[in-house]
Amino acid sequence: MTGAEADLVWMRAALALARRGLGNVWPNPAVGCVIVKDGIAVGRGWTQPGGRPHAETEALRRAGEAARGATAYVTLEPCCHWGRTPPCTDALLAAGIARCVIALRDPDPRVNGEGITRLAAGGVSVTEGVAEAQAAEVNLGFVSRIRAGRPMVTLKLASTLDGRIAAPNGESRWISGEASRRVAHMLRAAHDAVLVGAGTAAADDPALTVRIAGLVPGGRPGPVRVVADGRLRMPLTSVLVATARETPTWVLTLPGNDRARIGALAEAGCTVIEVKQDPATGQPDLADALRALSGRGITRVLAEGGGTLAAALLSADLVDRLAWFGAPALIGADGVPAIAALGLPGIGAMPRFRRLSLAFPGGDLFLQLAREE
């Protein structure tokens, strides 16, 4: 195996570690680190829940003295600034790392190449860009928050082959099978927040929690539940409100709502966030809503419905990834569509996506797609 091949193998191992942090480390990036000496991994680490300690610190702690003269494979450029913890560049230098292989530069202006410069100045040999595309995918949300001022958005749809999410009478449980629902919970666990519209919150009274043991680190509540509810229609008796002190519930609403209603939600433990109004729809402006979530540290949002919210996100070009569960069944045109009207002027205006992965949970189809740039 050549040196370049070995670098790719070890970086893929570091990326697998990084993915463990998705949904648990915001506002920090999910980073993985593997320390290798004489062809053997002597230390592994990933960003811990809440964002601290960092991956490099964890890997160095496990490696101990074996880190001296070793190679560190890191999925994101090591930080070089003081925050709640010392810079990771200082830790790597103090440990005597001889070489550092980095997948992706950190877009944070406090780092963005400075970490690499500091390592090189300290005598560490630095290699960049190994598995860069895969690392960019893992930290798409962190990068989007830094560069675009909003979290990445994954739109999750579970529909029949003809694109329906409910029968004409509104019945929707269950279109997809049990295996697909388990995958959906895994998706929730890998995002910082789950977003639904007021209609879905009122009609389905969902819990929006991760209900597979072990997916959320012990003691953590799981993703923040977010409801876009311009006129605060969500009942105070709903599951989301009743459990707001156990699992964070944020309500995105418009200015000018009844103060007593806002107070009642706050008393129940909900966080009410006022955002701008979309003049075209009269509903919360979703771009402004996402900026508000970003300002609170959210990097990855899973939008779960319903059709009106899906259409609004697509129309505003705010969907970065699409997660589609297709059930081998048909409902017909009188069923509830997965996506409300988009008002497209023609075929050329269709939102287009490219396939990232394909799987078959149970008897269903599961596609993950990325927006065409």
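Some terms come before the residues. Buried means under 20% relative accessible area, exposed over 50%, and partly exposed in between, using a 1.4 Å probe and protein chains only. This is a predicted model: local features need pLDDT of at least 70, side-chain atom pairs count only at pLDDT 80 or more, and totals for chains, interfaces and linings use all residues. Residues are numbered from 1 along each chain as its sequence is written, and side-chain values use heavy atoms, with hydrogens and water left out.

Now the backbone. Most residues other than glycine have a negative phi, and most peptide bonds are trans. Asparagine 112 has a positive phi, near 35°. With a relative accessible area of 45%, asparagine 112 is partly exposed. Alanine 131 also has a positive phi, near 60°. Buried or exposed, this alanine 131? Buried, because its relative accessible area is 9%.

Next, the cis bonds. One runs from tryptophan 26 to proline 27, with omega near 5°. Another runs from arginine 52 to proline 53, with omega near -10°.

Last, the inside. A cavity is a set of points on a 1 Å grid over the protein atoms alone, where a 1.4 Å probe fits but cannot get out; its lining residues have an atom within 4 Å of a point. Volume is the space filled by probe spheres set on the points, which are joined across faces, edges and corners. How many cavities of 30 Å³ or more does the structure hold? One. The largest cavity has a volume of about 60 Å³. Its lining has 15 residues, with Leu22, Asn28, Ala30, Thr299 and Arg300 nearest the centre.

Definitions and conventions:
1 Å grid on protein atoms, 1.4 Å probe; cavity = no way out; pocket = protein on both sides within 12 Å on 5 of 7 lines; lining within 4 Å.
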